[in-house]
Amino acid sequence: MDSQNVKDTVRQIFTEYLNAHGHRKTPERYAILDTIYSIDGHFDIDTLYSLMADHENFRVSRATLYNTIILLINARLVIKHQFGNSSQYEKSYNRGTHHHMICTQCGKVTEFQNEDLQQAIEQTKLPRFSLSHYSLYIYGMCSKCDRANRKKVKNNIQKKEK
């Protein structure tokens, strides 16, 4: 499905959600939805706020962003992730299953796909539970931080030997 078709579809889903729950259909909410569905990958409220500030027609407050994000989460159009101390969001419609690796040192989040992991999770029998979706977070250290740490240790050892 191309980008415009996805945007049209999520707009329709959002409209149906707003109607069903008695929420107002404001141009700002639709501009936020459109901006989110123009972002590849994860974003935080500050990033979204900056992108919306560039939008000449729609200057929105952080409160409007937070309130709209909640509506979009409830409409299942956005997913909220808690990576360490920061909240990150990503669009959820028409997204393939993926997993996340989070560096505990620098906080970098890397998405990856693994067919074996996905099949193992989806084929797991869960008593009295029907799986609809899942998130997998793997915490560790990215190669860049690992190299920097090893270099630091090596330099400290060399200093002590002198």
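Welcome to this structure, which is a predicted model.

- Leu131 sits in the loop that runs between helix H5 (115-122) and strand E5 (137-140).
- Together with Leu126 and Phe129, Leu131 makes a nonpolar surface patch of about 280 Å².
- Which loop holds Arg128? Arg128 is also placed between H5 and E5.
- Arg128 counts as exposed because its relative accessibility is 86%, above the 50% cut-off.

**The largest pocket**

- How much space lies in the largest pocket? The volume comes to about 500 Å³.
- The lining is made by 18 residues, and those closest to the pocket centre are Ile79, Ser92, Ser132, His133 and Tyr134.
- Strand E1 (residues 78-83) gives the most to this lining, contributing three residues.

**Salt bridges**

- Side chains of opposite charge can pair when their charged atoms come close.
- How many salt bridges does a search of the whole structure find? The search finds four, and three of them are described here, starting with Asp34 and Lys7.
- In the salt bridge between Asp34 and Lys7, the closest N and O atoms are 3.3 Å apart.
- Asp34 belongs to helix H2 (residues 27-36) and Lys7 to helix H1 (residues 3-20), so this pair ties together parts that are 27 residues apart in sequence.
- Asp34 is partly exposed at a relative accessible area of 34%, whereas Lys7 is buried at 16%.
- Lys91 and Asp40 also meet through their side chains in a salt bridge, with an N to O distance of 3.8 Å.
- This pair links distant parts of the chain, 51 residues apart: Lys91 is in strand E2 (residues 86-91), and Asp40 is in the loop between H2 and helix H3 (45-53).
- Is Lys91 buried or exposed? Lys91 counts as buried because its relative accessibility is 12%, while Asp40 is exposed with a relative accessible area of 71%.
- Arg150 forms a salt bridge with Asp146, and here the closest N and O atoms are 2.9 Å apart.
- Arg150 and Asp146 are separated by about one helical turn because they are four residues apart in helix H6 (residues 143-161).
- Arg150 counts as exposed at 53% relative accessibility, and Asp146 counts as partly exposed at 31%.

- Most residues other than glycine have a negative phi.
- Arg76 has a positive phi, near 60°, and is a residue other than glycine.
- The place of Arg76 is the loop between helix H4 (62-74) and E1, and Arg76 counts as exposed at 63% relative accessibility.
- Arg128, from the loop between H5 and E5, has a positive phi of about 50° although it is not a glycine.

- Gly107 is found in the loop between strand E3 (99-103) and strand E4 (109-112).
- With a relative accessible area of 41%, Gly107 is partly exposed.
- How far apart in space are Gly107 and Arg150, C-alpha to C-alpha? They are 18 Å apart in space and 43 residues apart in sequence.

Definitions and conventions
Residues numbered from 1 in each chain as written. Predicted model: local features only at pLDDT ≥ 70, side-chain atom pairs only at ≥ 80, totals over all residues. Heavy atoms only, no water. Patch = residues over 30% accessible without salt bridge, like charges linked within 9 Å, V, L, I, M, F, W, Y side chains within 5 Å. Areas by Shrake-Rupley, 256 points an atom, 1.4 Å probe, with all protein chains shown as cover. Helix = DSSP H or I, 4+ residues; strand = E, 2+ residues; numbered from the N terminus. 1 Å grid on protein atoms, 1.4 Å probe; cavity = no way out; pocket = protein on both sides within 12 Å on 5 of 7 lines; lining within 4 Å. Points joined across faces, edges and corners; volume = space filled by probe spheres on them. Buried < 20%, exposed > 50% of the residue type's maximum accessible area, 1.4 Å probe, protein only.
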